[in-house]
Amino acid sequence: MKIATFNINGIKARIEALPEWLESARPDVVCLQEIKSVDEAFPREIFEAMGYNVETHGQKSFNGVAILSRLPLEDVTRGLPGDEDDPQARWIEATVVGKRAVRVCGLYLPNGNPAPGPKYDYKLAWMARMEARVRALLPLEEPLVFCGDYNVIPEAKDAAKPEAWVTDALYLPASRAAFRRLLALGLTEAFRAVQPAPGHYSFWDYQAGAWERNNGIRIDHLLLSPQAADLLLDCQIDKATRGGTKPSDHVPVWIELDA
DNA sequence: ATGTCCTTACCTTAAGGA
């Protein structure tokens, strides 16, 4: 089972690039972030015609997540528990049954800038809510995949210029500590499980020639429960999509599970 | 180098977010 995460930065803007990538990469499941669309406006027919089931958790203008899957999506839930009044659409879950049943959680973690400030407070509070959700799911002892745009640079080797990020919400010690707390629950970060080397990124800013200079950061991650980690066969970053026509500023990251 | 892109709205230009 090939499961991907891809922050598309607007479904309207990616209406050509996303289907092209799906045709070439052919993931079984893909979690999308920043669809920037309400559910009714998401062009589901395009993806249904390609054989995908579509579940969205949208929002006007900002945020919004979705799951596309060739296999049926079961027990779909929307929203991250822990704050009934949070209007931001950043979390969706569904179960996909292949050889094994896999619970897939797609997430768009808050950016948090500027820090300090209310946006950073929201980021850290959201990460605490996510930790609670992971704690609630782990006792099921099932394959779980938490994938998405984490807006966290885990380590210095995940940035081309780490010194440029020291005051940024994506790299502040409290952000990285909260990310490590997720790993400490027993989750495996898929990319680092197969590739320990520096120089691998998933995001290049549109500004300042970041792509041309390879000034990137790695912020799109797939975290696996022990039962999912046991099934991990591969994890790759589809870097080439950043050089395509009208690209997102993020590229897809995917895993292959024996599931 | 605050150098780009995406979205929306008081919509042919600016603002907020990233």
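**Close-up views of a predicted model**

**View 1. Helix H3 has buried residues Lys123, Trp126, Met127 and Met130.** A residue is buried if 20 or more other C-beta atoms lie within 10 Å of its own and exposed if 12 or fewer, with C-beta atoms placed from the backbone. Seen down the helix axis, the buried residues of H3 fall within an arc of 105° (taken from the directions from the axis to the C-beta atoms), so they line one face. Pro118, Arg135 and Ala136, on the other side of H3, are exposed. This is a predicted model: local features need pLDDT of at least 70, side-chain atom pairs count only at pLDDT 80 or more, and totals for chains, interfaces and linings use all residues. Residues are numbered from 1 along each chain as its sequence is written, and chains are lettered from A and ligands numbered from 1 in the order in which they are written.

**View 2. Strands E7 and E8 run parallel.** Six bridges join E7 (residues 101–108) to E8 (residues 144–149). Cys105 stands opposite Phe146 in E8. Strands are DSSP runs of E with at least two residues, and helices are runs of H or I with at least four, numbered from the N terminus.

**View 3. Six strands form an open sheet of mixed pairing.** The order is E5-E6-E7-E8-E12-E9, where two strands pair if DSSP finds at least two bridges between them. Strand E5 (73–78) and strand E9 (188–189) are the edge strands, each pairing on one side only.

**View 4. DNA strand B is surrounded by 15 residues.** The closest are Gly10, Lys12, Ala13, Ser61 and Tyr206; a residue is near a strand if its C-beta atom, placed from the backbone, lies within 6 Å of it.
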